[in-house]
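Take a look at the sequence and the model below. Then try each question before reading its answer.

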Amino acid sequence: MFNLVLFGPPGSGKGTQSENIVTTYNLQHISTGDLLRDEVSRHTPLGTEAKKYMDQGMLVPDEVVIGMIDSKIDENPDARGFIFDGFPRTRNQAESLDKLLEFKNTSINLVLSLEVNETDLIKRLVLRGQTSGRSDDTEEVITKRIKEYHLKTQPVADYYETQGKLERVAGDNPIPETFKLLTKNINKYLLPVA
Ligand code: ADP
């Protein structure tokens, strides 16, 4: 099994690159953002609770997202591996993920960090907000999400760096170029299927 974390700030291109990685390597995609938005749109109790945080650009409580990840892994027992997108976002989530995977006799193999400068990030997110229909893609909420990222999520990179699993990849080139850089790293571990 091969498990990859795609790491990076909001707007760094994790979602787009995940889609490409999924088809190239046949991995199961787990995006906590997508899972949460799905709960919100179905008006589940979890979704109603999560929406309060998401609309303010704040992180949803750890136990909520960890529970979602646990079920999603169990739903895919035959997966070749998983790509975690938008998770873990706190040090506590990272530690919980390690424990969870250890219990399932597997582990994180590689963490790819997409590096994009802040001015570009905000530009991309504001632009996306004009078409995405996402209630959290307004300039005010975007600023809060980036703040939350620096405060709580950036330490996750140090966590994986200490474990020797982190590779930094430039994320400010055109999409195909960024994808090439990512595959260079993944190919050291896993062969493409497509
Ligand atoms: P982006 O990467 O563009 O910020 P996401 O779709 O990953 O967007 O996340 C949107 C929102 O969902 C976040 O601002 C946060 O409120 C919530 N969220 C997503 N993933 C997590 C997570 N792992 N932990 C806590 N909250 C999360």
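**Pockets, ligand and backbone**

Q: Which residues lie nearest the centre of the largest pocket?
A: The largest pocket is lined by 45 residues. A pocket is an open set of points on a 1 Å grid over the protein atoms alone, with protein on both sides within 12 Å along at least five of seven lines, and lining residues have an atom within 4 Å of a point. Nearest the centre of the largest pocket are Lys14, Arg89, Arg128, Arg134 and Arg145.

Q: What kind of model is this?
A: Residues are numbered from 1 along each chain as its sequence is written, and side-chain values use heavy atoms, with hydrogens and water left out. Local features need pLDDT of at least 70, side-chain atom pairs count only at pLDDT 80 or more, and totals for chains, interfaces and linings use all residues, as this is a predicted model.

Q: What volume does the largest pocket have?
A: Grid points are joined across faces, edges and corners, and a volume is the space filled by probe spheres set on the points. For the largest pocket, that volume is about 960 Å³.

Q: Where does the ligand sit?
A: A molecule sits in a pocket if more than half of its atoms lie within 2 Å of the pocket's grid points. The space that the ligand takes is the largest pocket.

Q: How much of the ligand's accessible area does the protein cover?
A: Polar contacts (pairs of N or O atoms within 3.5 Å) come first. A polar side-chain atom of arginine 37 lies 2.8 Å from a ligand oxygen, and a backbone N or O atom of methionine 58 lies 2.6 Å from a ligand oxygen. On its own, the ligand has 540 Å² of accessible area, computed by the Shrake-Rupley method with a 1.4 Å probe. The protein covers 96%.

Q: Which helix supplies the largest share of the lining of the second largest pocket?
A: The second largest pocket has a volume of about 210 Å³. Of its 16 lining residues, those closest to its centre are Pro9, Glu115, Val116, Tyr149 and Gln154. The largest share, six residues, comes from H7.

Q: Which strand gives the largest share of the lining of the largest cavity?
A: A cavity is a set of points where a 1.4 Å probe fits but cannot get out. The largest cavity has a volume of about 60 Å³, and its lining includes Val5, Phe87 and Pro88. Three of the lining residues come from strand E1.

Q: What is omega for the peptide bond from phenylalanine 87 to proline 88?
A: Most peptide bonds are trans. Proline 88 lies in the loop between strand E3 and helix H5. The bond from phenylalanine 87 to proline 88 is cis, with omega near -5 degrees.

Q: What is phi of asparagine 26?
A: Most residues other than glycine have a negative phi. Asparagine 26 is in the loop between H1 and E2. Its phi is positive, near 55 degrees.

Technical notes. Polar contact = N/O pair within 3.5 Å; in protein donor to acceptor, adjacent residues only side chain to side chain. Helix = DSSP H or I, 4+ residues; strand = E, 2+ residues; numbered from the N terminus.
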